[in-house]
Amino acid sequence: MQSSQASDPARFPETGQVLPARTLRQETLLVLALSLGASAVSALISFVGSLTASGALADQAARLNTSRAPDRPWLDLAWQVFGIATALVPVALVAHLLTRESRWHLSGRQGQGGGLRSIGFDRTRPGFDLGRGAVLAAAIGGSGLALYLAAVQAGFNLTVVPESLPHVWWRIPVLIASAVQNAVVEEVIVVGYLLRRLGQLDFSPWAALAVSSVLRGSYHLYQGIGGLLGNMAMGVVFVLLYRRWGRVGPLVVAHALIDIVAFAGYALFAGKVDWLPTP
């Protein structure tokens, strides 16, 4: 008799087509290879480069939201919009895969799909998402900033430069769009989609939590040890809250608000306050 573990097939009831667990694993690995898994490898290579470079980590900079054409603002804007849009393509792929899942019979695993609604990324509860997200952002944002400052002071982290865009009219709108893009990509893929697939592949809840939080920390390793540990801790909190609320929406709101404050705050206050590290 065939086991009911991760090797069990999923089926399309209309055609009887079998979708084995092996295919689900391959799908998950491909989604990660096109998105945050690739970012994790890139962050590791970057961190090794920082460790082997001359000078302390705190004397080096991790730069985000940089200019692609500093002396050509319209061309620079085109590159910024292109980068934000293409970064969202893996989310569109996940939406497609979760919509297709609604046609599957998963042989007793986690239930039927329904696109991004199945992970709570929709407009059905805007007040809940905005309210819980704002409270979470206030709690996580303050502690995250304190951890970052301590890590830089201790020499475990690079100095993070959240933005170095030219002072043009689209600077703040692009930073806000970049923050929202980061939030959507990370929370939809590393929380909603990944936890759903790991559950369907019979990972225990604690194993799935570990995979999600370690992945989140790993693609922030380019910032240093503080970025790794701080984001792993954030990943644990976000997974637990996702399981409690059953929605990715509040996590996207919280993440977006945290990044908007970090990006726009750096643009407004870098060099003007003594406590904010700059290169």
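1. Throughout this note, a residue is called buried when its relative accessible area is under 20% and exposed when that value is over 50%. The model is a predicted one, and the points that follow should be read with that in mind.

2. The buried residues of helix 2 are Leu 36, Gly 37, Ala 40, Ala 43, Phe 47 and Ser 50. Viewed down the helix axis, these buried residues fall within an arc of 135°, so they line one face of helix 2. An α-helix has 3.6 residues a turn, so residues three or four places apart point the same way. On the face turned away from the buried side, helix 2 carries the exposed residues Ile 45 and Thr 52.

3. Against which elements do the buried residues of helix 2 pack? Their partners are helix 1 (21–33), helix 6 (171–200), helix 7 (205–218) and helix 8 (225–245).

4. The largest nonpolar core has 42 residues, of which Val 94, Val 188, Ile 189 and Leu 251 touch the most other members. Among the elements that give two or more residues to this core are helix 2, helix 4 (89–101) and helix 9 (249–269), while helix 6 gives the most, with eleven residues.

5. Leaving aside neighbours within four places in sequence, Val 94 is in contact with Val 31, Leu 116, Val 188, Ile 189 and Tyr 193. A second, separate core of nine residues includes Leu 77, Ile 84, Phe 263 and Ala 267.

Methods
Residues numbered from 1 in each chain as written. Predicted model: local features only at pLDDT ≥ 70, side-chain atom pairs only at ≥ 80, totals over all residues. Heavy atoms only, no water. Buried < 20%, exposed > 50% of the residue type's maximum accessible area, 1.4 Å probe, protein only. Helix = DSSP H or I, 4+ residues; strand = E, 2+ residues; numbered from the N terminus. Arc of directions from axis to C-beta. Contact = heavy atoms within 4.5 Å. Core = buried A, V, L, I, M, F, W, Y, C linked by side-chain atoms within 4.5 Å.
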